[in-house]
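Please open the model in your viewer and keep the selection tool ready, as this tour moves from one group of residues to the next.

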Amino acid sequence: MAKNAKSEGRKSKEMGSVSLLGNTKTNYPETYAPEVLEKFPNKHPDNDAWTTFVCTEFTSLCPMTGQPDFAKIFINYIADKDMVESKSLKIYLFSFRNHGDFHEDCVQKICKDLFKLMKPKYIEVQGDFTPRGGIAIFPYASMSNGSKKYEALKDARMANYSPGKYGMDLARLY
């Protein structure tokens with residue numbers, strides 16, 4: 001970089017609806033709360049780039065017994081005009097801790113809520129739930145913006161899906 005050149009970062013007017021990031025007091029919702037999700041503008045909507053989030057401490061409740069269910073949640077998406085802000089995503093995922101729903105429903109809700117917020121080109125959500133009663137469950141959901149390219153991606157990934165395929169080796173996280 002030249003001596004007099006300045007790096008241009010994101011300006012406050014480019015922050016979109018971001019308000020949670022930087023707050024010193026975080027309020028965690030008591031119930032499922034999709035309204036806490038925040039987005040910000042993607043500065044590069046013409047580029048296709050994967051963004052991946054891994055939540056290693058997801059918790060929800062069994063709707064029948066009220067017992068806690070634990071999972072790793074993998075979210076992969078290709079943004080269009082907007083991206084999800086990570087602190088709001090963390091608070092949103094935390095809001096499931098008192099939410100009684102089946103594993104498959106939780107994953108579908110996460111996928112639909114994020115799609116509604118961002119309207120990405122493509123998104124997929126995979127749950128890696130800790131076995132209870134000797135059965136592990138790996139629900140998977142995906143959505144696309146409907147264009148031919150991303151519908152083809154959705155169809156291909158769905159056809160080739162297997163548990164753990166679109167996640168990552170968690171040893172890389174630690």
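A nonpolar core is a set of buried Ala, Val, Leu, Ile, Met, Phe, Trp, Tyr and Cys residues joined through side-chain atoms within 4.5 Å, where buried means under 20% relative accessible area, with a 1.4 Å probe and protein chains only. This is a predicted model, in which local features need pLDDT of at least 70 and side-chain atom pairs count only at pLDDT 80 or more, while totals for chains, interfaces and linings use all residues. Residues are numbered from 1 along each chain as its sequence is written, and side-chain values use heavy atoms, with hydrogens and water left out.

Select Phe58, Ile73, Ile75 and Ile110, which touch the most other members of the largest nonpolar core, a set of 31 residues. Next colour helix 2 (103–118), one of the elements that give this core two or more residues; helix 2 supplies its largest share, eight residues. Helices here are DSSP runs of H or I with at least four residues, and strands are runs of E with at least two, numbered from the N terminus.

Now centre on Ile110 and ask which residues it is in contact with, leaving aside neighbours within four places in sequence. They are Phe58, Ile73, Ile75, Tyr92, Leu93, Phe96 and Val125, where contact means heavy atoms within 4.5 Å. Apart from this core lies another, of five residues, including Ile78, Tyr140, Tyr150 and Tyr166.

Finally, move to helix 1, where Lys87, Ser88, Leu89, Ile91, Tyr92 and Leu93 are buried, and show strand 2, strand 3, strand 4 and helix 2, which are among what covers these residues.

Conventions
Buried means under 20% relative accessible area, exposed over 50%, partly exposed in between (1.4 Å probe, protein chains only).
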